Amino acid sequence: MRTVGLLGGMSWQSTQSYYQLINEGVQARLGGLHSAPLLIYSFDFAEIEALQMAGKWAAAGEMLARQAARLEAAGAEAIILATNTMHKLADYITEEVSVPLLHIAEATAEAILASPSRQPLLLATGFTMEQDFYTGPLGAKLAEAGGAVHIPEAPRRKIVHDVIYDELCRGVISEASRTAYQQIMAAEAEEKGCDGVILGCTEIGLLISQNDTALPVFDTTALHCQRAVDFICADHTTR
């Protein structure tokens with residue numbers, strides 16, 4: 001098996017989902033007592049969030065790149081960044097390491113294009129919904145297939161963003177927030193014809209699942225973890 005370096009802690013609530021899903025995927029693929037060879041660096045999210053709020057993205061990118069290089073030096077054969085928003089800084093990582101970065105938006109795009117959905121709704125942090133580092137590449141791939149990525153209207157974006165930072169990143173799971181997300185998904189589907197929903201923040205899967213909406217759900221955490229499992233197991237031969 002090949003070793004993956006995981007940049008986590010953004011937040012640790014979703015990083016534990018990564019650890020669980022990747023290991024479950026490897027065991028399901030290979031059976032027995034197999035588990036995933038992972039190297040993990042977990043950031044203090046308070047430091048990252050402060051840089052985000054201050055707009056000091058370059059400083060955050062340098063932090064990511066530095067730790068990615070340490071993971072590569074320790075034996076990682078690929079890097080996985082366990083967050084959607086910080087893929088804004090993916091170039092900092094790819095310029096610093098020689099191993100591949102398994103990009104979350106690429107895994108998400110592949111899953112959507114393999115489905116009937118062509119007008120998905122993106123739920124994510126305000127950074128991810130409103131800036132083009134994520135919606136740009138994803139939207140371009142969908143546009144080639146006649147589709148588009150949709151984001152909620154501004155008041156709804158604020159609700160989605162605030163629930164992520166004020167609740168989910170702190171381990172708070174609220175039924176009221178689940179209902180608010182359901183209402184947003186239903187309203188956007190009715191108004192814009194959305195035919196799927198992207199859980200575009202790695203914490204949202206802690207709150208919303210396929211059971212909470214009639215729209216097909218694309219859970220970026222689960223899709224990203226599947227990409228990691230594919231990489232880890234690619235060279236494995238059963239003896």
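The side chain of Thr15 comes within 2.8 Å of the backbone nitrogen of Gly9, a polar contact (a pair of N or O atoms within 3.5 Å; within protein, one must be able to donate a hydrogen and the other to accept it, and residues adjacent in sequence count only if both atoms are side-chain atoms). The model here is a predicted one, where local features need pLDDT of at least 70 and side-chain atom pairs count only at pLDDT 80 or more, while totals for chains, interfaces and linings use all residues. Residues are numbered from 1 along each chain as its sequence is written, and side-chain values use heavy atoms, with hydrogens and water left out.

Thr15 sits in helix H1 (residues 12-30); helices (H or I, at least four residues) and strands (E, at least two) are DSSP runs, numbered from the N terminus. With a relative accessible area of 8%, Thr15 is buried, meaning under 20%, as against exposed at over 50% and partly exposed in between (1.4 Å probe, protein chains only).

Now for the strands. Strand E5 (residues 196-199) is covered on both faces, with Gly196 and Ile198 buried on one side and Val197 and Leu199 buried on the other. In a regular strand, side chains alternate between the two faces of the sheet. E5 runs parallel to strand E4 (residues 120-123), joined by four bridges, and parallel to strand E6 (residues 217-219), joined by three; strands pair if DSSP finds at least two bridges between them. Leu199 of E5 stands opposite Leu123, and its bridge partner in E6 is Asp219.
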